[in-house]
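Trainee: I would like to go through this model and check each term against its cut-off. Please show the structure before we start.

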Amino acid sequence: MSTSPQTLTSKDVAKVGLLARLALSEADLERMTGELSKIVGFVSMLGELDTADVAPLAHPLDTQNVFRDDVPVASLSTAEALQSAPRHDGSCFLVPAVLGDSGAA
Amino acid sequence: MSTTAPYTTIIGLEVHVQLMTRTKLFCGCSTKFGGAPNTQVCPTCLGLPGSLPVMNRRAFDLALRAALALECTIAPFTKWDRKNYFYPDLPKGYQISQFDLPFSSDGFLEVVDPKGAFEPCRVGIVRVHLEEDAGKSMHDEAAGTGDTRIDLNRAGTPLCEIVTQPDLRSPQDARAWLNELKLLLVYLGVSDCNMQEGSLRVDANVNLHIPQPDGRIAKTPIVEIKNMNSFRSVERALTYEAARQWEDWQATKAEMGKTPKQTRGWDDPAGITRAQRHKEESSDYRYFPEPDLVPVTVSQQQIASIRGEMGEPPVSLRKTLAAKWNIPAYDADVLVNQGRELVDYFEDLATRVGEGKVASNWMQQDVLRILNETNGTVSDFTVRPEGLADLIGRIKKGDFDTSRAREIFAEMVTSGRPVDNVVAGMGIAAVSDDDVISLCRELLAANPKIVADVKSGKEQAAAGLIGQAKKKNANVNPGKVRAVCIDLIRGME
Amino acid sequence: MQPLEMSAVDLVAALRQGDITAVESATVFLDRIEATNGSINAFLAVDREGALARAADIDARRKAGKPVGPLAGLPVALKDVLCTSDMPTTCASKMLEGFRPPYDADVVARLRRADAVFLGKTNMDEFAMGGSNENSAFGPVRNPWDLSRTPGGSSGGSAACVAGDMAPVAIGSDTGGSIRQPAGLCGITGLKPTYGRVSRRGLIAFASSLDQIGPMARSAADCALIMETIAGHDPGDSTSLAVDVPRYTDLLDRPLAGVRIGRVPEHFAAGLDPEVAKGVEEAFAVLMAAGATVHDVQLPHAKYGIPTYYLVAPCEASSNLARYDGAHYGHRCKDLGQRTAGHTGGFESPLVEMYCRSRAEGFGPEVKRRIMLGTYALSAGYYEAYYAKALRVRRLIRQDYLDAFQTVDLIGGPVSATPAFKLGEKTDDPLAMYLVDLYTVGTNLAGVGGISFPCGFTKSGLPIGFQLQAPPLAEPLLLQAADRFQRLTDWHRRRPQAVGVAKT
């Protein structure tokens, strides 16, 4: 990818699209490249700040050590588990083949 | 182990073990193996919208136990991260794992051969971390639909990932080391390490270091091997892969760093590794701190308390047993390698018998032999230590000799009956001292030649009496007959 | 007084005293929804049957002298971001159209136990991403004060249904202002509690470290009533605070004397609508008249709030929304299955094709934008420059708040720079839309609490909102100050006339 974030290329965006598993048409790609470049350019203003001595804060809470006991609780029924599945066979979720045509079994 | 190969094989392992918890890492679903598909699932492990994880305390404690047993440094502060990738057995689209702050790092585990056949093999542990397992994908090629079926019962099961340094130098060492690791984890109750049920899985990284005429060491590209379903497969796959890399090196002279790390799958029936398809996107997992969990801090007191409840690891138990029962290191090794239950059986037996070596001999030559033959476990073994101790006591008392005792033992094992019962059933009765003496008198009266020979100093001639004694009474102890006869002959003088 | 005009506090009292039955109360609101939802589009699902059955059950129990919950019979609307086992839960996304969770969110379960009556699920920006409700896959919500304008977002349906008398109380969620901004634009009161005060379990995640559920109602007193039911520790949410819940309603009627309120001069810089500025200044004056003192405070990194937020939230969202991939629930693209050799449409496998197309079809443009942005900012080589950088600035922003709360008890100011804008006005410019969160994102980044309530109207009759922010767990003070303000003003009692039907 390019080193200057403000100039995202459509190739960069296509790569991100695949990582994010979003099919993008040529038109999507073009529009998205423009919009993302603009947004990325905007958020890059954080670069003005010297944060060398500032530790990242991933979470507003100071809480630590939250556990639960190793005690089983009732699971869902298989029917409940599968109730919203686009495809299932009554016991498993069904998805298209994981492997491509060139993949080994 | 020595090798005449013109290269050194460099091996590092990545081991995943399932922790022995009742419930999953982040939800209360059961971790029991073998349930019907999608019966041990809930909103959390299905990754349903809005569901949240809460850490299983037992899983964390067991992981801590494993890391301590592997001599790791425990981090005072640890957190979890999301490893993002799409796969249908990973319903959230990310795995909760540990990235930059694993809870432990920098340990080791050593394997020592009691016979001294190979040098102690000490393997460094890079890190041990706690993460969740994925579900199971089943490729339904037979149905012809090309569908993949997904069972999420296993999704969210707690796993310890153990990553070693590339310290192993042969496939045999790798196998021996894995055996020791498994033994350790089973002893500590961390995992049952059942490979058939997927509770222990191994990936291996391997390459060759090849000394060059100019003194430089050429390094072949590192290959990661997957799909090895037993330690034997690990050894075979590594052996195959080392040879394959050697051939490849001779043909291509390809060195590390010039090609991306390759992943190869072990095809056990074919006995070869095969290149796995390379994903289009390089794995960019976009790790970031899991915002649905909070960090964990570990105090010295906690570490001390986990150590306290850990139990003795195999490496020190071997020494303890050898010293306590005065048995050879080899014996202790064999006993310990069979697992905690067998050691407990042995110690019970040895205590009752009062002699470690005698008890150990029975364990090694009889109990273990039968367990191996019947593929049984000591917990199901019909003869309990008190029964075997009884039998051994009767030998010492002289009621029967060892070979007779073995016959009795075999019958005890198959019938599950105690010594006396078996002896009676086999028509074996202990012969009283008076009976032996009168039998011997009869024999001496009938064999003047032997009596004369013994008198003249040829004590070995007494052996001729034993066969006859056995014919008259199958239950007599031959040693006793011999001793009594000689005594009687001497008394005639 | 008619139930439509009653506060939640009064309605609960009337129900308790038997002045009105739960069925009567539910019917009045359900009829109102039926009459007005066509023009406002506040509800995505209305559960008339379920609500009436529930109300009848409560009435029967009450009649039989059996115990009933503290909110017995109170109609409540739920933002469609909350999982409900008996109503569809869509997050206003095609991705989850028709989705039925097999479980209730913790707040939903608490409200059920308190015997609230659920009217239905309210419209919102898709996956709570937006500030105008125009990102709903099921059409925008219209502001009851002016149907050509936005109600704000993302909890636009919740705000509009309360403003439009379709529910006395609604539950919203706030990731960067999604309760407070629509409350401000619709002239109602909305509380964004301290992070961890209300369980997030069953709240469909947008950005997990920022999301928080809160009440939206006509007054601070009504919000206090709802908080007593929805707040509290949930062992099923690791980030839920194990802190006792105060009796918020008992803590309202206390004088404001001596309470120090901070005023951030930069809030009044260019960009703030003059009418909004005037309303906000007048609100400060009311609070001073009530005994509070006002002091200038600095939030030096406030201007970095928007860029920080638009990195942190999309990064978390890109991961939180990975689960919507067509595999286990939700939308899956059609026309997969004719898997002939070589036919993968440019995708490396049928599976990857299913993922990419299902997600492309199921998500709207703003959701895709944020997923793309977050994926990019977390990807190899960019993590440090964007995500980690934003987390460092987040610490500075939180520290600003902690420092400010050393000298003041509350921070006051505008909720939004302008009153409700026209639908369509900002839809072509994502960045302009992001800037509407200017005054609200800091609260979420810092994890503190904030409340928004009406403090006046523009000449054209649009509500102006006032925001108060407080240190962690100072909800009693937020509610007390807002309630005091509402005892001295009647802005929160004003009702829009724009809605299609005349009030009975």
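Mentor: Take helix α15(C): the buried residues there are C:E475, C:L477, C:L478, C:L479, C:Q480, C:A481, C:A482, C:D483, C:R484, C:F485 and C:Q486. A residue is buried if 20 or more other C-beta atoms lie within 10 Å of its own, exposed if 12 or fewer, and partly exposed in between, with C-beta atoms placed from the backbone. The model is predicted, so local features need pLDDT of at least 70 and side-chain atom pairs count only at pLDDT 80 or more, while totals for chains, interfaces and linings use all residues. Residues are numbered from 1 along each chain as its sequence is written, and chains are lettered from A and ligands numbered from 1 in the order in which they are written.

Trainee: What makes α15(C) mostly covered?

Mentor: Eleven of its 14 residues are buried. The buried residues pack against β5 (189-192), α7 (220-230), α8 (274-289), β9 (410-414), β10 (449-457) and β11 (463-470) of chain C. Helices (H or I, at least four residues) and strands (E, at least two) are DSSP runs, numbered from the N terminus.

Trainee: How do you know that the span of α15(C) agrees with its 14 residues?

Mentor: The expected span is 1.5 Å times one less than the number of residues. For residues 475-488 of chain C that should be 20 Å, and the end C-alpha atoms are 20 Å apart, so the two agree.

Trainee: Why is B:A405 called buried?

Mentor: B:A405 has 20 other C-beta atoms within 10 Å, so it counts as buried. B:A405 is part of helix α10 (residues 402-415) of chain B. Beyond its neighbours within four places in sequence, B:A405 is in contact with B:L391, B:I395 and B:F400; contact means that the C-beta atoms, placed from the backbone, lie within 7 Å. From B:A405 to B:G457 it is 52 residues in sequence and 32 Å in space, C-alpha to C-alpha.

Trainee: What makes β6 and β17 of chain B edge strands?

Mentor: The open sheet has the order β6-β5-β17 (chain B), with antiparallel pairing. β6 (94-97) and β17 (288-289) each have a single partner strand, so one side of each is left without a neighbour in the sheet.

Trainee: How do you know that β5 and β17 of chain B pair?

Mentor: Two strands pair if DSSP finds at least two bridges between them. Strand β5 (residues 81-84) and β17(B) have two bridges, in the antiparallel sense. In one of the bridges, B:D81 is partnered by B:P289.

Trainee: Which residues make up the side of chain C that touches chain A, by class?

Mentor: 61 residues of chain C are in contact with 46 residues of chain A. α12(C) gives the most to that side of chain C, with twelve residues. The side divides into 32 nonpolar, 15 polar and 14 charged residues. Ala, Val, Leu, Ile, Met, Phe, Trp, Tyr, Cys and Pro count as nonpolar, Asp, Glu, Lys and Arg as charged, and the others, Gly among them, as polar.

Trainee: How many residues of chain B touch chain C?

Mentor: 27 residues of chain B are in contact with 37 residues of chain C. On the chain B side, 16 are nonpolar, five polar and six charged.

Trainee: What is the order of elements in chain A?

Mentor: From the N terminus on, the order is α-α-β-α-β. Of the 105 residues of chain A, 35% count as buried.

Terms used. Contact = placed C-beta atoms within 7 Å.
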